[in-house]
Amino acid sequence: MSELMLELNGISKSYSRGKPGQVDVLRGADLNLRAGEVVALLAPSGGGKSTLLHIAGLLDTPDDGMIKVGGQELTGKGDRRRTSVRRQDIGFIYQFHHLLPEFSAVENIVLPQLANGTSQGEANARALDLLTRVGLESRADHRPAALSGGEQQRVAFCRALANQPRILLADEPTGNLDPGTSDQVFAALMDLVADTGMTALIATHNLDLAARMDRTIRLENGILTD
Ligand SMILES: Nc1ncnc2c1ncn2[C@@H]1O[C@H](COP(=O)(O)OP(=O)(O)OP(=O)(O)O)[C@@H](O)[C@H]1O
């Protein structure tokens, strides 16, 4: 049995707490991801999937519950500690790419590495390697506006992986693409994940895509079930 890479235990989160209209989004959600597992997260719209991913990715804090990354307890740790674990260990992919429009594809992948202390030469080499792996080496110097939606999203995958995170969290990573493109781009993502041996939690509404992952978990009524 491989080690646990991400553990959530009894996670609860409500919005507008204590006020009329309080929304209890998570009600004691438990999740264990083993190192190298690729897991699909299925949830109804508005079911709390983004809230869960933000908490798992240390972007938001739960009202209650425990979070461990790589066996390290992070519950109640200060912002600096959480930010450092997030930068080193966690990569995010959103439904929309959020690439910086004034920078080229390669620069978008280099910048987070420079922010993490990697040298320019090393960062460039890694960015080009990642772009090659998703078939975009010839587009390295194009700005996002000059790329198709599928190409933009592949660049966003490369950026998420730039700092070699141990955990990848993706919120409907191919949700804004047409079905054909979504399939191709998703295959590129699965190849990248397999190559790097990363642990991944990928939210999708697409059952065909979910079936290509190691297992599926469902978020329903604020709890996670297999
Ligand atoms: N900051 C907030 N304040 C109040 N309510 C919020 C806030 N953020 C989210 N919610 C509510 O919490 C619920 C879950 O939101 P969340 O964004 O996690 O859902 P989701 O499953 O990602 O939705 P979708 O699939 O439609 O993107 C929704 O009912 C939403 O309206």
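**View 1. Helices α5 and α6 cross in a right-handed sense.** A crossing counts as right-handed if the near helix is turned clockwise from the far one by less than a right angle, and as left-handed if anticlockwise. The contact involves Gly 149, Gly 150, Gln 153, Arg 154, Phe 157 and Leu 161 on the α5 side. On the α6 side it involves Thr 181, Gln 184, Val 185, Ala 188, Leu 189, Leu 192 and Thr 196. Two residues are in contact if their C-beta atoms, placed from the backbone, lie within 7 Å. The model is predicted: local features need pLDDT of at least 70, side-chain atom pairs count only at pLDDT 80 or more, and totals for chains, interfaces and linings use all residues. Residues are numbered from 1 along each chain as its sequence is written. The axes of α5 and α6 come within 10 Å and cross at roughly 15 degrees, which makes α5 roughly parallel to α6. Axes are lines fitted to C-alpha atoms, for helices over the stretch in contact, with angles from 0 to 180 degrees between N-to-C directions. Angles under 35 degrees count as roughly parallel, over 145 as roughly antiparallel, 65 to 115 as roughly perpendicular and the rest as oblique.

**View 2. Helix α6 covers residues 179–196.** Helices (H or I, at least four residues) and strands (E, at least two) are DSSP runs, numbered from the N terminus. The 18 residues of α6 should span 26 Å at 1.5 Å a residue, and the end C-alpha atoms are 26 Å apart, which agrees; the expected span is 1.5 Å times one less than the number of residues. Buried in α6 are Ser 182, Val 185, Phe 186, Ala 188, Leu 189, Leu 192 and Val 193. These buried residues fall within an arc of 155 degrees seen down the axis of α6, so they line one face of the helix; the arc is that of the directions from the helix axis to the C-beta atoms. A residue is buried if 20 or more other C-beta atoms, placed from the backbone, lie within 10 Å of its own, exposed if 12 or fewer, and partly exposed in between. Gly 180, Ala 194 and Asp 195 are exposed on the other side of α6. The partners of the buried residues are β3 (38–42), α4 (120–133), α5 (149–161), β7 (167–171), β8 (199–203) and α7 (207–211). After α6 comes Gly 197, with a positive phi near 65 degrees.

**View 3. Helix α1 is mostly covered, with six of its eight residues buried.** These are Lys 49, Thr 51, Leu 52, Leu 53, Ile 55 and Ala 56. Their cover includes β1, β2, β3, β7, β8 and β9 (215–220). Gly 57 lies in the loop between α1 (49–56) and β4 (64–69) and is buried, with 24 other C-beta atoms within 10 Å. Leaving aside neighbours within four places in sequence, Gly 57 is in contact with Arg 86, Ile 90, Phe 92 and Leu 169. Gly 57 and Arg 87 are 30 residues apart in sequence, and their C-alpha atoms are 9.8 Å apart in space.

**View 4. Ser 16 has a positive phi of about 50 degrees although it is not a glycine.** Ser 16 sits in the loop between β1 (4–15) and β2 (23–34). It counts as exposed, with 9 C-beta neighbours inside 10 Å.

**View 5. Gln 164, not a glycine, has a positive phi of about 50 degrees.** Its loop lies between α5 and β7. Gln 164 is partly exposed, with 14 other C-beta atoms within 10 Å.
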